[in-house]
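Here's a quick tour of one protein chain, from the overall picture down to a couple of individual residues. Have the viewer open while you read.

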Amino acid sequence: MQESGAEAYFVGGYGRDLLMSQLPEQYPDMRFNPNDIDIATSLPYQDARAVLEQGGYAAFKETGENFKVLNVIIAIGGKHAEFEIATFRTESDYGKNRKPMNVRETRDIREDVARRDFTIGALYFDPVQEKILDYVGGMKDIEERVLRTVNDPYERLVAEDPMRMLRYVRFRATYNMKFDRGAQSVMREHGAVLADRDRISPERVKEEFDKILKLPRAAFAIADMARLGLLEHTVPEVYALIETEHAPQNAKSEMHREGSAYQHTLETMRAIARPEFVAQAREKLNLDGALSNSEVVEQFYKKYGVVWQWANLLHDAGKAETQEPARDALGATARHRFYGHEQRSRELLNAVARRLRFSNQEKQDVAFLVENHMSAHNIGSRGNHKLRKSTKAELFRNEQAEALLFLSLADDIGNFTEGKSAQDAVERFSRAWKELQGFREQEKARERQGAADRQISNAIVEAFFGGEQTAPKKGSPIIGLVKEHVRTLLDEGELAPGDVERAIADAKQRLDDDDIDYLRFPGDMEKFKQKVSQIFAN
């Protein structure tokens with residue numbers, strides 16, 4: 001494209017990530033690993049396609065409604081990379097789903113820069129000249145770790161698209177950057193607009209929260225949202241926990257030394273980035289020891305999904321409405337108790353799920369985790385609150401059983417209890433995990449046994465009676481005897497599963513040869529049993 005006389009650059013965060021990866025002191029967790037790449041060019045759409053076709057590229061996809069974007073698919077090193085190519089443009093009049101109503105192509109790169117949200121993402125990298133074009137001070141902001149908007153914060157964060165306030169919070173948590181005072185002031189003043197369904201769809205709020213909750217520093221982002229006044233307009237059920245204390249201010253409680261139910265929620269969410277949790281995730285998920293902690297967290301979410309962190313966020317939401325005083329011998333309130341808070345938390349989850357349009361499966365999975373997080377503490381416990389076997393089996397059979405144990409671990413780590421450490425929580429978790437794996441092995445054994453029993457029963461009915469339709473309604477002594485012998489031979493390894501039908505058919509033939517009536521109960525049952533035993537012994 002450059003050889004045709006046009007401008008063309010890598011955009012979409014490429015320059016940002018490249019620079020951050022070169023500043024390990026400011027961004028120690030940053031790894032530069034670009035996948036799909038966005039390209040901005042001065043070429044109009046049709047001209048860009050023509051130039052690429054002349055260059056020998058043939059695999060294209062078109063996307064976009066108001067503005068066409070060209071996707072070029074290229075095979076590199078045995079893999080397919082996708083380059084998204086868009087013409088420089090201006091945007092205005094943003095609709096409910098952030099789609100601009102007015103889009104205009106431009107040849108001026110500065111106009112394309114001006115439409116972008118944050119300075120750190122408005123860097124244009126020239127891969128031919130290997131240089132970065134910066135018209136808004138993004139390189140300086142990266143060096144100083146300040147997250148600023150391109151141009152006026154109000155225009156970017158409120159007037160154009162209020163969802164950029166949550167995006168700001170996400171970027172700040174992702175890169176551990178400092179607030180720009182102007183942006184911070186705007187968000188504090190205009191956070192209520194996030195509750196305006198005429199401007200913002202619930203699906204977009206949910207989508208942005210999903211991205212935030214999967215961050216290793218998700219708790220950091222939720223705390224920002226609370227301080228900025230954004231949380232009360234998006235998930236007020238959690239915001240209400242700020243004033244929900246576990247104990248009166250002057251009381252000394254052994255449990256929840258971290259503070260309020262809100263602070264406990266943050267500590268529970270923060271647990272996923274703590275070394276004790278990461279070590280367990282690495283071990284239990286059999287992850288490569290070379291993975292960084294952030295990569296372990298990423299793999300954790302690939303397995304258990306964002307529903308796990310939604311459960312973390314909402315597991316104690318019901319405490320604000322179930323708080324009761326627990327009095328000491330002198331009648332003073334020593335701490336607060338929250339009987340049934342897990343059930344109330346599930347009810348509040350249902351409200352959140354309706355408001356933010358969770359899928360039915362997401363709602364079901366989060367509900368299981370939330371309503372059972374207290375029961376999970378008794379799995380692997382050495383105390384007096386062990387679960388009934390039937391209750392434990394019901395929990396273990398759920399697809400979210402592993403996620404539930406990890407939630408319980410995070411909940412334990414986030415509960416600062418006198419005399420207990422994170423290592424105590426890890427030891428209980430390890431015992432619970434061992435119980436779960438043991439239960440699963442037993443279930444597999446039962447399934448194998450059940451499959452073998454069905455195979456034997458079907459083979460007996462088919463061999464002796466010609467099928468289920470002609471089998472005697474009241475049963476026959478031969479069925480139980482043959483089943484017992486065949487199962488013994490299988491257990492002893494003297495009969496292969498593939499030979500069951502042949503062995504049963506052979507036994508039936510020998511009984512027929514000796515004119516033994518196996519359809520009725522014989523007068524001498526012991527003699528009959530001995531005969532069947534002799535047949536199978538031979």
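## The chain as a whole

Take the contacts in the protein chain between residues at least 6 apart in sequence: 65% of them join residues at least 24 apart. Keep in mind that this is a predicted model.

As for the parts list, the protein chain has 24 helices and 13 strands. Of its 538 residues, 47% are buried.

## Helix H9 and its partners

Two packed helices are described by the angle between their axes and the distance between the axes. Let's start with H6 (residues 164-175) and H9 (residues 218-228), whose axes come within 9 Å and cross at roughly 135°. The crossing of H6 past H9 is right-handed. On the H6 side, the contact is made by Leu 166, Val 169, Arg 172 and Ala 173, while H9 brings Phe 220, Ala 221, Asp 224, Met 225, Arg 227 and Leu 228. Sort the residues of this H6 and H9 contact by class and you get seven nonpolar, three charged and no polar.

H9 also packs with helix H8 (residues 202-213): here the axes come within 8 Å and cross at roughly 130°. With that angle, H8 counts as oblique to H9. Phe 209, Ile 212 and Leu 213 of H8 make the contact with Ala 218, Ala 221, Ile 222 and Met 225 of H9. The class count for H8 with H9 is seven nonpolar residues, no polar ones and no charged ones. Ala 221 and Met 225 of H9 are listed in the contact with H6 and in the contact with H8.

## H14 against H17

H14 passes H17 in a right-handed crossing.

Which residues of H14 and H17 meet? From H14 come Val 307, Trp 308, Trp 310, Ala 311 and Leu 314, and from H17 come Glu 362, Asp 365, Val 366, Leu 369 and Val 370. By class, the contact of H14 with H17 comes to eight nonpolar, two charged and no polar residues.

## Thr 87, a strand residue

Now zoom in on strand S5 (residues 79-87), where Thr 87 sits. Is Thr 87 buried or exposed? Its relative accessibility is 4%, so Thr 87 counts as buried, the cut-off being under 20%.

One of its polar atoms lies 2.7 Å from the backbone oxygen of Leu 43. The backbone nitrogen of Tyr 45 lies 3.4 Å from a polar atom of the Thr 87 side chain.

## Tyr 135, a loop residue

Tyr 135 is found in the loop between strand S9 (131-133) and helix H4 (138-144). Because its relative accessibility is 31%, Tyr 135 counts as partly exposed.

What does Tyr 135 contact, leaving aside its neighbours within four places in sequence? Tyr 135 is in contact with Ile 109, Arg 110 and Val 113. Val 113 is 22 residues from Tyr 135 along the chain, and the C-alpha atoms of the two are separated by 7.5 Å.

Definitions and conventions:
Residues are numbered from 1 along each chain as its sequence is written. This is a predicted model: local features need pLDDT of at least 70, side-chain atom pairs count only at pLDDT 80 or more; totals for chains, interfaces and linings use all residues. Side-chain values use heavy atoms; hydrogens and water are left out. Helices (H or I, at least four residues) and strands (E, at least two) are DSSP runs, numbered from the N terminus. Buried means under 20% relative accessible area, exposed over 50%, partly exposed in between (1.4 Å probe, protein chains only). A polar contact is a pair of N or O atoms within 3.5 Å; within protein, one must be able to donate a hydrogen and the other to accept it, and residues adjacent in sequence count only if both atoms are side-chain atoms. A crossing is left-handed if the near helix is turned anticlockwise from the far one by less than a right angle, and right-handed if clockwise. Contact means heavy atoms within 4.5 Å. Ala, Val, Leu, Ile, Met, Phe, Trp, Tyr, Cys and Pro count as nonpolar, Asp, Glu, Lys and Arg as charged, and the others, Gly among them, as polar. Axes are lines fitted to C-alpha atoms, for helices over the stretch in contact, and angles run from 0 to 180 degrees between N-to-C directions. Angles under 35 degrees count as roughly parallel, over 145 as roughly antiparallel, 65 to 115 as roughly perpendicular and the rest as oblique.
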